[in-house]
Amino acid sequence: MFDKLVMRQVRGVGWVAAALLATSCASSPLVAPSPVAPSISVRDELKAYFERQAQVESAGAPDEETLDERSLAVRRTGMARFRELTRCGDPVEEDRAYGAWALLLANLENAGLVESVGREAMPVFREWVERYPDSDELGQCLWMLTDTAPDAENDKVLRFLEGLSGSAADGVARGAHIARAGLLDYLDRKGEAAPLLEEVVRRWPDSFEARNARRDLRGMSLTPGVEAPAFSLRDLQGREVSLASLRGRVALLVFFSFG
Amino acid sequence: MKFQDALREKGLAVVGIHSAVSDELGLNALGSSVAEFGIQFPVLLSDKATEEAYGVTGIPTRVLVDRQGRVLFREVGFSKEMAPELERRIREATK
């Protein structure tokens, strides 16, 4: 009976949760884990985590493969820790812990790592929504889900976000709109992405997301055949270079930054 | 390198548009980076209006423009998979 109960939960929540369930169930199978020590600060732990990560990655590993393995180990440990803190007993810190977990997820630049860890993302985001449906932090983190989920899960992610688009919590609804638009754009479904961005601009005109949405819309409107916007800028020696001065040549404009 | 030489011959103008720098110090640092990375193409200093007009929300953003000043192709971000596509577009445009 007990085994079945655990198995049902494990299937529902995903395998990431298995370890947590196993440890909490060992002492008290049917109640939530009891709060750990008070003075938990997710922000402090996150700061310490990034210091640790910087150390590992600047230590000068003998080869890239080793670096990847070590940095993967640090990241996995970090993710497990923040996952654990989502049950620390303090609602504010728990909400932040989900955010920190998502941030680490988005921080896995290495494609191989994203693919493997990205599969864990969906169940955690579902759990986050269930426990903190009004969280502002959640709204801001939803794009991280679309960035890291494997391609095979894109449809599932889109459905999940669609459900959240109607959320009564403005931050969550806005974040879901932006994340959906980003994923649709990535899937080359710009016709579906644009209306979502337009809705963000209309409903929340003063938000940070609306500012970006306006830019995204402008970028999307630069489709083949459209006249490239005129510009006149100075080079490092102070000479003026305009788009008009490039007429007659095919030009590749590369917006970049060293900073 | 061969590909780049061929492109120059065919008249491709590569123009870097770097995010604005706030002062002399930033300008010097940028000059050093350009030299250090051996960047051969002109580097312009961006402004907000240009970034708005081109809808730059991520870096790098690349826009390929034809001889008449029309957009041919635009892409944001970078991955190994993207490079051949851009190369193909450039070859087509400079034919």
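Guide: The crossing of α5(A) and α8(A) is left-handed, a crossing being left-handed if the near helix is turned anticlockwise from the far one by less than a right angle, and right-handed if clockwise. This is a predicted model, in which local features need pLDDT of at least 70, side-chain atom pairs count only at pLDDT 80 or more, and totals for chains, interfaces and linings use all residues. Residues are numbered from 1 along each chain as its sequence is written, while chains are lettered from A and ligands numbered from 1 in the order in which they are written.

Visitor: At what angle do helix α5 and helix α8 of chain A pack, and how far apart are their axes?

Guide: Two packed helices are described by the angle between their axes and the distance between the axes. Here α5 (residues 91-106) and α8 (residues 136-148) of chain A pack at about 25°, with axes 9 Å apart; the axes are lines fitted to C-alpha atoms over the stretch in contact, and angles run from 0 to 180 degrees between N-to-C directions. The two helices, α5(A) and α8(A), are therefore roughly parallel to each other, a term for angles under 35 degrees.

Visitor: Which residues make the contact?

Guide: Two residues are in contact if their C-beta atoms, placed from the backbone, lie within 7 Å. Among those on α5(A) are A:Asp95 and A:Leu105, and α8(A) contributes residues including A:Glu137 and A:Met144.

Visitor: How many residues of chain A are in contact with chain B?

Guide: For chain A the number is 34, in contact with 45 residues of chain B, and β3(A) gives the most to that side of chain A, with 6 residues. Strand β3(A) also pairs with β3 (residues 61-65) of chain B in the antiparallel sense over 5 bridges, where pairing needs at least two bridges found by DSSP.

Key:
Helices (H or I, at least four residues) and strands (E, at least two) are DSSP runs, numbered from the N terminus. Angles under 35 degrees count as roughly parallel, over 145 as roughly antiparallel, 65 to 115 as roughly perpendicular and the rest as oblique.
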